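Dear colleague,

Please find the structure below, followed by a summary of what was found in it.

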Amino acid sequence: MAKVHPNSADPERQPPQDDHEEPPAVLTVWRKSLLFNCHGFTVFDAKGDLAFRVDCYAASRRRAEVVLMDVAGKPLLTVRRKRLSLTDHWVIYDGDGTARPLLSVRRHVSLRSSGKALAHVTPHASAAAEYVVEGSYGRRACAVRDARGDAVAEVRRKESVGDDVFRLVADPRLGASLAMGLVIALDEMFGAGHGSARSLLRRTWSV
């Protein structure tokens, strides 16, 4: 059975970088909670140590928010569904959700299926540029790109372990926790069992 977490033989564990640049964080994301009867994620760092966890008791279609925690269970980010929205729209808050919002993630809705855009990410900080998510989350091949087209986070398929285990590469400009927050929002929008863009257009309000 293939290992979920990284190991020393993994060629992508430490990607080459300029000596003056902070390297990106390379995480292994397991789409499974370690708690019994829970849904969520278990995330390992490049050394194979537990980095983040997500434990949800509610079924996906009933969830109003998802909390990203550290190893000890401290809330790092709260990803909350935006109510009364015409599109699938999630807001990422700092901490337990009582603090300021950091990012808004809106699903790209279009009747044309030829475009690459999946979602649009808008920082709540003033004068901050919008990011766009391109590719396919279902195929574990997508990237969050800035206004110049540079990737600040990437979801990559991990060979031989199926779709429930994949890589997340997070640039220091975004950070590992926010990159994982975006993965949570994308999973709520595009994970197994969620509707297509056309079905979303037929819905007047989000749940």
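Read from the N terminus, the elements of the chain follow the order β-β-β-β-β-β-β-β-β-β-β-β-α-α. That amounts to twelve strands and two helices; both are DSSP runs, numbered from the N terminus, with helices (H or I) of at least four residues and strands (E) of at least two.

The model is predicted: local features need pLDDT of at least 70, side-chain atom pairs count only at pLDDT 80 or more, and totals for chains, interfaces and linings use all residues. Residues are numbered from 1 along each chain as its sequence is written, and side-chain values use heavy atoms, with hydrogens and water left out.

Of the 207 residues in the chain, 43% are buried (under 20% relative accessible area, with exposed over 50% and partly exposed in between; 1.4 Å probe, protein chains only). The largest nonpolar core contains 41 residues, and Phe 41 and Met 180 have the most contacts inside it. Helix H1 (residues 176-190) gives the most to this core, with nine residues. Such a core is a set of buried Ala, Val, Leu, Ile, Met, Phe, Trp, Tyr and Cys residues joined through side-chain atoms within 4.5 Å.

Contacts (heavy atoms within 4.5 Å) were also examined by sequence separation. Among those between residues at least 6 apart in sequence, 35% join residues at least 24 apart.

The search of the whole structure gave one aromatic pair. Tyr 137 and Phe 166 have ring centres 6.2 Å apart and planes at 85°, so the pair is edge-to-face. (Rings of Phe, Tyr and Trp, the last by its six-membered ring, pair if their centres lie within 6.5 Å; planes under 30 degrees apart count as stacked, over 60 as edge-to-face and the rest as tilted.) Tyr 137 lies in the loop between strand S9 (131-136) and strand S10 (141-145), whereas Phe 166 is in strand S12 (residues 165-170), 29 residues apart. Both Tyr 137 and Phe 166 are buried.

The ring of Tyr 137 also has the charged end of Arg 140 over it, 4.5 Å from its centre. Likewise, the charged end of Arg 80 sits over the ring of Tyr 93, 4.8 Å from the ring centre. The criterion is NZ of Lys or CZ of Arg within 6 Å of the ring centre and within 35 degrees of the ring normal.

Finally, there are zero disulfides, defined as pairs of cysteine sulfur atoms within 2.5 Å. For Cys 38, the closest cysteine sulfur is in Cys 56, 7.4 Å away and too far for a bond. Cys 38 is buried, at 12% relative accessibility.

Yours sincerely
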